[in-house]
Amino acid sequence: MSGFDDPGIYYSDSFGGDASVDEGQVRKSQLQKRFKEFLRQYRVGTDRTGFTFKYRDELKRHYNLNQYWVEVEMEDLASFDEDLADYLYKQPAEHLQLLEEAAKEVADEVTRPRPSGEETLQDIQVMLRSDANAANIRSLKSDQMSHLVKIPGIVIAATPVRAKATRIAIQCRSCRNTISNIVVRPGLEGYALPRKCNTEQAGRPKCPLDPYFIMPDKCKCVDFQVLKLQESPDAVPHGEMPRHLQLYCDRYLCDKVVPGNRVTIMGIYSIKKSAQSKNRSRDNVGVGIRSAYIRVVGIQVDVEGSGHSFAGSVTPQEEEELRRLAAMPNIYETIAKSIAPSIYGSTDIKKAIACLLFGGSRKRLPDGLTRRGDINLLMLGDPGTAKSQLLKFVEKCSPIGVYTSGKGSSAAGLTASVIRDPSSRSFFMEGGAMVLADGGVVCIDEFDKMREDDRVAIHEAMEQQTISIAKAGITTTLNSRCSVLAAANSVFGRWDETKGEENIDFMPTILSRFDMIFIVKDEHNEERDMTLAKHVMSLHVSALTQTQAVEGEIELNKLKKLISFCRTKCGPRLSAAAAEKLKNRYILMRSGTRQHEQESDRRSSIPITVRQLEAIVRIAESLGKMKLQPFATEADVEEALRLFQVSTLDAAMSGSLSGAEGFTTQEDQEMLSRIEKQLKRRFAIGSQVSEHSIVQDFMRQKYPEHAIYKVLQLMMRRGEIQHRMQRKVLYRIK
């Protein structure tokens, strides 16, 4: 008879009043049931090979590893139930919630019985992925709002991981009334505390306005992180700024990416209140304006380094064609011809650029060190030799290309900068050009006009291929596996034959990091000038009419595909015979430069070091890579040595002997060195002699006057003698 005095109220609703609320609830529970069925019953495989229940097994495996997440493919969902996938695309915010609830229930079923101490069920995070075509940041308009979108880009900044409450408890200040378990919406939306306290108590004054405060120890929190996504440099229309977008990641999506990664994001395009401006004026203009961000529900990090550009999208037919192309006997010449075909001549430079685009193979040694596989190239030379045009072309045809100019780029812009986040006042890091070009080519024009301290910032990126930073409490290392292609003018604007070494204004530290250094001289030669003029004229006359590629060239798109295909599929090594040959040649090279330094009595400013040996190895590997061969043969080493010979060794030799003194004949050369030796015998270090008496002395010995002045000038430039007392007296320093 218990409960007979329960004052329950029984009524029948004859009007069918509150059914509408119920309907929504019913629909939700039905959808949740369907989601649950999908997670439990979706299977892959056939009867013969045996089924696997994909998501059930995944949930169980992850749950037992204390990883409370599962990744759902939208294609699987669509093949199971078209409507569910459509709902998830159109209104992802509420349906993702249902999917997570369903996942929690399924996890509950598949993991029973749980060990003691772990009876409480954890929430499961569902991540989505899809093979749909990715949109562009620029194509996100207001009609995409709160839909699922898929976007590629580069992560350029990441905040530290912070905590965000999902359920909060609040308490009234005056009457101590607590309301617990208030659900806060996910995303960057806040929660507005109630203004009034509703508890009416007799004999107590009413609670004041805004009485509630949050009780932090009774809240449930999750991790979240805000990323900044920038669209990929190759998708930016010409002459526009790249667009940025804020991303909000939570729980297991935190710390999946670091700045500099190329990612594809699945997320819900949502809005948040734009930050209140300091001076809220009377006319509330921005009352309905919201700023957009993306709530991430899935991240795919593109393959390490440069594997993202085309390699994923090469069809088998294309692959067949590319392999056929690479198997052609004269593929090397063809590729060199197809590089900037509108520029006449300079074949060796084009061949070197072809090697730079393909790159050697990166080695990882057993003790954890890496040797770089990228080739760096420097072009020094006269104005008007189409250096910048070559750079622009390389930027177009390499899988990732970044073009900067020397004056317009600072050290922080090239490597990485530390920026203070305006909202949270904490520091975070943004990668610069070298980080964004990870796996590609950085073209630096006007390399000689860069400030000295900015040029030093590139040293580490060029040899170790990392960028280390210790600024503002952030100590970190970023990857920058990129080739550097630099163009520079000589010190005097044009290459001055009489000045020799002094044309090169760079430190040996940076020069030794370049694998090949080309000196491009603008030589006067009537035949060449005629053909060049004809070539330029024909370009100007038939600029747009000549669209089809010339015979024996590969057009730009195919070349781009070939480059990225070879870079991902092939990593050749030197064969034993080639290595032996290279060793002997290297020793000859070293002794050649040593002999040359002894003859000319001074160090060359372009050093020949072990780095140069590695450079030849890399060039040989890149030649093997063009043909998609597993090993670089002796012929490749021959060609690599030839390229090296015409570039760096010529540059190293060009300094001192040929044309350095302005007299190239052997007798004059000997005469000058004779005068110099006599001069040095004539007065000791630290003594002074009048210039006039020296000149008179040598004139008596029948030496020509201009030769004597030339020697004095040379010694002065080397800092061996100095003028004193109105330039009348010479003083010997060393």
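Two strands pair if DSSP finds at least two bridges between them, and strands themselves are DSSP runs of E with at least two residues, while helices are runs of H or I with at least four, all numbered from the N terminus. Keep that in mind for the first stop.

Before you click, some housekeeping. The model is predicted, so local features need pLDDT of at least 70 and side-chain atom pairs count only at pLDDT 80 or more, while totals for chains, interfaces and linings use all residues. Residues are numbered from 1 along each chain as its sequence is written, and side-chain values use heavy atoms, with hydrogens and water left out.

**Stop 1: a parallel pair**

Select 377-381 and 516-520. These are strands β15 and β23, which pair in the parallel sense over five bridges. Now pick out methionine 379: its bridge partner in β23 is phenylalanine 518. Strand β23 is mostly covered, with four of its five residues buried; buried means under 20% relative accessible area, exposed means over 50%, and partly exposed is in between (1.4 Å probe, protein chains only).

**Stop 2: the cores**

Which residues does leucine 485 touch? Leaving out residues up to four places away in sequence, the list is Leu356, Leu377, Met379, Leu391, Val394, Val441, Val442, Cys443 and Ile444. A contact here is heavy atoms within 4.5 Å.

Leu485 and Ile335 are the residues with the most contacts inside the largest nonpolar core, which has 57 residues. Such a core is a set of buried Ala, Val, Leu, Ile, Met, Phe, Trp, Tyr and Cys residues joined through side-chain atoms within 4.5 Å. Select 347-358 next: this is helix α8, and it gives the largest share of that core, eight residues. There is also a second, separate core of 31 residues; Leu59, Met74, Leu84 and Val126 are among them.

**Stop 3**

Select 19-41 for helix α1 and show the side chains of arginine 34 and glutamate 37, which lie three residues apart, about one turn of the helix. They meet in a salt bridge at 3.0 Å, N to O. The rule is a side-chain nitrogen of Lys or Arg within 4 Å of a carboxyl oxygen of Asp or Glu, and by it the count comes to 25. Both ends of this one are partly exposed: Arg34 has a relative accessible area of 30%, and Glu37 has 29%.

Is aspartate 81 buried or exposed? At 12% relative accessibility, it counts as buried.

While you are here, show Lys36, Arg40, Glu105 and Glu109, which are linked in a network of salt bridges.

**Stop 4**

Jump to lysine 363 and glutamate 621, whose side chains meet in a salt bridge of 2.8 Å, N to O. Lys363 is in strand β13 (363-364) and Glu621 in helix α17 (610-626), 258 residues apart. Glu621 counts as buried, at 1% relative accessibility.

**Stop 5**

Most residues other than glycine have a negative phi, and most peptide bonds are trans. Here are some exceptions.

- Pro113 sits in the loop between α5 (92-110) and β4 (125-129).
- Select asparagine 66: its phi is positive, about 60 degrees, although it is not a glycine. Asn66 lies in the loop between α2 (54-64) and β3 (69-73), and is partly exposed at 44% relative accessible area.
- Select asparagine 181: this non-glycine has a positive phi of about 65 degrees. Asn181 is found in strand β7 (178-183).

**Last stop: zoom out**

With everything on screen, the protein shows 21 helices and 28 strands. Buried residues make up 43% of the 734 residues. Among contacts with a separation of 6 or more, residues 24 or more positions apart account for 73%.
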